[in-house]
Amino acid sequence: TENKIFDMIRAVAEKRQKQALELYYDLLSLKEPPMRILFLIARQFNQLLLVRELQASGADRGTVASKLKVPPFVAGKLSSQAAAFTKEQLISYVQTCVDAEEAVKTGRMGDRLAVELLISQPRSSVR
């Protein structure tokens with residue numbers, strides 16, 4: 001599941017929303033609840049934002065791995081994925097995740113639709 005989330009975020013970064021949605025539908029067919037998928041997407045964007053901030057302060061891969069409590073090779077993958085986004089984009093995605101969760105929990109939007117909108121919503125200034 002987490003590998004599909006990683007691939008989904010990469011597809012979003014590369015503006016391949018169709019592929020990202022296909023990965024989402026694959027997860028749904030595997031009976032993953034939309035709210036769990038939303039949680040994992042939010043966690044991924046939070047990690048990417050933290051990686052960007054740590055790198056901006058001069059942290060190396062080992063420090064990033066230690067702070068995120070992940071193996072160094074995962075920190076490397078996160079670093080390369082974080083480079084595909086601007087800090088502003090990552091902040092925007094994190095906020096959009098929060099807004100989507102709130103919309104679902106308050107009944108303003110269905111859980112499937114909230115995640116679909118998050119994935120398919122275009123962002124500007126991807127590197």
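Which residue takes a positive phi just after helix 4? That residue is Lys69, with a phi of about 60°.

## About the model

This is a predicted model, in which local features need pLDDT of at least 70 and side-chain atom pairs count only at pLDDT 80 or more, while totals for chains, interfaces and linings use all residues. Residues are numbered from 1 along each chain as its sequence is written, and side-chain values use heavy atoms, with hydrogens and water left out.

## Overall fold

The protein has seven helices and zero strands; helices (H or I, at least four residues) and strands (E, at least two) are DSSP runs, numbered from the N terminus. The C-alpha trace spans about 40 × 30 × 25 Å along its principal axes. With 127 residues, a compact globule would have a radius of gyration near 14 Å, and the protein agrees at 14 Å; the radius is taken over C-alpha atoms, and the globule rule is 2.2 Å times the number of residues to the power 0.38.

Of the 127 residues, 44% count as buried. Here buried means under 20% relative accessible area, exposed means over 50%, and partly exposed lies in between (1.4 Å probe, protein chains only). Among contacts (heavy atoms within 4.5 Å) between residues at least 6 apart in sequence, 71% join residues at least 24 apart.

Helix 4 covers residues 61-68, and its buried residues are Val64, Ala65 and Leu68. They sit on the same side of the helix because they cover an arc of only 100° around the axis, the arc being that of the directions from the helix axis to the C-beta atoms. An α-helix has 3.6 residues a turn, so residues three or four places apart point the same way.

What covers these buried residues includes helix 3 (34-56) and helix 5 (72-82). On the face turned away from the buried side are the exposed residues Ser66 and Lys67.

## An aromatic cluster

A search of the whole structure finds four aromatic pairs. Rings of Phe, Tyr and Trp (its six-membered ring) pair if their centres lie within 6.5 Å; planes under 30 degrees apart count as stacked, over 60 as edge-to-face and the rest as tilted. One of the pairs is Phe45 with Phe85, edge-to-face because the ring centres are 5.6 Å apart and the planes at 80°. This pair links helix 3 to the loop between helix 5 and helix 6 (87-105), across 40 residues.

Phe85 is buried, with a relative accessible area of 0%. Phe45 and Tyr93 have ring centres 4.3 Å apart and planes at 0°, so they are stacked. Tyr93 lies in helix 6, 48 residues from Phe45 in helix 3. Together, Phe45, Phe85 and Tyr93 form one aromatic cluster.
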